[in-house]
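Hello,

Here is the structure you asked to look through. My notes follow below it.

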Amino acid sequence: MSYDIQLYMKETKERAQKLNDDCFFDNEANFEPFSEQQYAALRERLLNDGYVFQFESENGLQFSHSDYSISALLTDRGLYFTASYDEESIFEAGMTASEFTDTGEFVKYNPQHNDWEEF
């Protein structure tokens, strides 16, 4: 079993709330893409936060955390954290995603609760 946390552009959240479509997350075209600079900054932040680059695939860049059971997939439209179902890994994945929202350009989504993190 795993626990997922997702990070998107704030425009994706705004679009999701406006459309109010149960199938919103099924269509990748609904997700606002990252700029090249944002993509590079997210990649660097992952590396600086203890994530180790594993490989690149057609889906994006795959990372794993050096101290926790967490994998992260960075695509051109989202950053997807998957933590094993242990409290420390879930907490760390959630905190990392929350910290990445500090610039105001990204938002955190929790698919287990079907909600966006609000401040």
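The largest nonpolar core has 21 residues, and L42, L46, L79 and F81 touch the most other members. A nonpolar core here is a set of buried Ala, Val, Leu, Ile, Met, Phe, Trp, Tyr and Cys residues joined through side-chain atoms within 4.5 Å. Buried means under 20% relative accessible area, exposed over 50%, and partly exposed in between (1.4 Å probe, protein chains only). Two or more residues of this core come from each of β1 (2-9), α2, β3 (60-65), β4 (70-74), β5 (79-84) and α3 (87-100). Helices (H or I, at least four residues) and strands (E, at least two) are DSSP runs, numbered from the N terminus. Apart from this core lies another, of nine residues, among them F24, F31, L73 and V107.

This is a predicted model, in which local features need pLDDT of at least 70 and side-chain atom pairs count only at pLDDT 80 or more, while totals for chains, interfaces and linings use all residues. Residues are numbered from 1 along each chain as its sequence is written, and side-chain values use heavy atoms, with hydrogens and water left out.

On α2: the helix has 13 residues and reaches 18 Å from its first C-alpha to its last, close to the 18 Å expected at 1.5 Å a residue (the expected span is 1.5 Å times one less than the number of residues). Q38, L42 and L46 are buried in α2. Seen down the helix axis, the buried residues of α2 fall within an arc of 75°, so they line one face; the arc is that of the directions from the helix axis to the C-beta atoms. The face turned away from the buried side carries the exposed residues E36, Q37 and N48. After α2 comes G50, with a positive phi near 90°.

- L42 is in contact with L7, F34, L74, L79, F100 and F106.
- Q38 is in contact with M9, E105 and F106.

Q38 has a relative accessible area of 12%. Its side chain is joined to that of E105 by a polar contact of 2.7 Å, meaning a pair of N or O atoms within 3.5 Å; within protein, one must be able to donate a hydrogen and the other to accept it, and residues adjacent in sequence count only if both atoms are side-chain atoms.

Lastly, N20 has a positive phi near 50° and is exposed at 65% relative accessibility.

Regards

Methods
Contact = heavy atoms within 4.5 Å. Lists of a residue's contacts leave out its neighbours within four places in sequence.
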